Amino acid sequence: MTGAILVVNAGSSSLKFQVFSIEAAELVRQIRGQMDGIGVRPHLRAFASDGASIIDRAYSAKEILDLPAAIAVTRDWLRELEGLELLATGHRVVHGGPDFAAPVLITDDILDRLEEYQDLAPLHQPNNLAPIRLAMQIRRDVPQVACFDTAFHRGHPLVADQYAIPRAYYDEGVRRYGFHGLSYEYIAERLRDIAPEQAQGRVIVAHLGSGASMCAMNAGRSVESTMGFTALDGLPMGTRPGQVDPGVVLYLISQRGMSADEVTDLFYRGSGLKGLSGISSDMREILASDAPEAAFAIDHFVYRCGLNAGMLAAALGGLDAFVFTAGIGENSAQIRARIVSTLGWLGAELDVKANEAGEAVISTPESRIAIHVIPTDEELMIARHTLALIGPKPGVTT
């Protein structure tokens, strides 16, 4: 029987999962799947490594009302698969707080500590932790590993991570953390394979998706990020605003009479591309719209990306390469072209044909900055970390 690692990435209305077999100490992706539409139109889909459909099954909302129900159904289906023994489950956990700078084997005590950070990532943390809690109740013999989106950014100098407020707040954990670290960690490793000289230099990686941020890396290590204490900061996102003057929060509470919960809902669910366009949080739908509000949302997104790239280039003292990744970064030639146009002052030159074709390198030979498009793979990073923590298991083929 072949040992396997299950990777879980849980959201509010979806449960993404992948299964990796361990063959000759190497991870081989076997299954990629998702349960989406939870509580509305639940649908479980999964595909083999060759793209063949394994399951495509719809459920009624009553059958799968919430995330725990989705986890239970998906788990039962995975149990039916033959030839794989689940050795461990790796989970994406968005916020590790000040205490967790590396992946960790979950215990009840650690899970309780991670729940303390739920208010810092209300869109993600509760959903990230729910499948861990359920799995520990059902199968305590299967190790659960938490991999943190904040971990890659640990090690920044104090001057980068402390806010200009009294030091006591930093010591309590009020500091700039940065997120999307699993994605950036993967890109750093991948860049070492495809462009080793550039990987040792000054690189900005733009993780542009429904959640969006940028990371400045020097020799493959994070030195600065656009995100801070929470995943609200930096670039405008699908439903989050990005950088906002703290005075806006004070105004909304003191002058508009909004409660903390109402402000939280506005900033996490009603802002960003959705708030600007009034149409959608999905960049694809906004790009397809002729509405002037849609055009403005795109202009705003591109402007803030260019602005933040300049900030990160300053943190690096120059720039050798720029990498696009995640949903928008990997798939939208139009957004890539517009962002590159804001980097001309750094010597960036776009190869228009290569960009339209979605090639891996979209800069011209004359460009002073190499511009890459690299698909991210957070799930593979989670599987690698999980395998490294649990080690081989006697009696199981690896």
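How much area is buried between domain 1 and domain 2?

1. The model under review is a predicted one. Its protein is divided into domain 1, covering 2–148, and domain 2, covering 197–378. Between the C-alpha centres of these two domains the separation is 28 Å.

2. The size of an interface is often given as the accessible area lost when the parts come together. For domain 1 and domain 2 the buried area is about 720 Å². Carbon and sulfur atoms give 56% of that area. On the side of domain 1, the residues that lose the most area to domain 2 are Leu120, Pro122 and Leu123. Together these three account for 60% of what that side buries.

3. In terms of residues, eight from domain 1 are in contact with nine from domain 2.

4. The rule finds one salt bridge across the interface of domain 1 and domain 2. As for salt bridges by residue, the side chains of arginine 29 and aspartate 377 meet in one, with an N to O distance of 2.4 Å. By class, the residues of domain 1 that touch domain 2 are four nonpolar, two polar and two charged.

5. Rolling a probe the size of a water molecule over the atoms shows where empty space is left. The count here comes to one cavity of 30 Å³ or more, and the largest cavity holds about 30 Å³ of space.

6. Which residues line the largest cavity? They are Ala188, Leu191, Ala199, Val203, Met217 and Gly220. Five residues of this lining are nonpolar and one is polar, while no charged residue takes part.

Definitions and conventions
Residues numbered from 1 in each chain as written. Predicted model: local features only at pLDDT ≥ 70, side-chain atom pairs only at ≥ 80, totals over all residues. Heavy atoms only, no water. Domains from an automatic or database assignment. Contact = heavy atoms within 4.5 Å. Buried area = accessible area lost by both parts, 1.4 Å probe. Salt bridge = Lys/Arg side-chain N within 4 Å of Asp/Glu carboxyl O. Nonpolar A, V, L, I, M, F, W, Y, C, P; charged D, E, K, R; others polar. 1 Å grid on protein atoms, 1.4 Å probe; cavity = no way out; pocket = protein on both sides within 12 Å on 5 of 7 lines; lining within 4 Å. Points joined across faces, edges and corners; volume = space filled by probe spheres on them.
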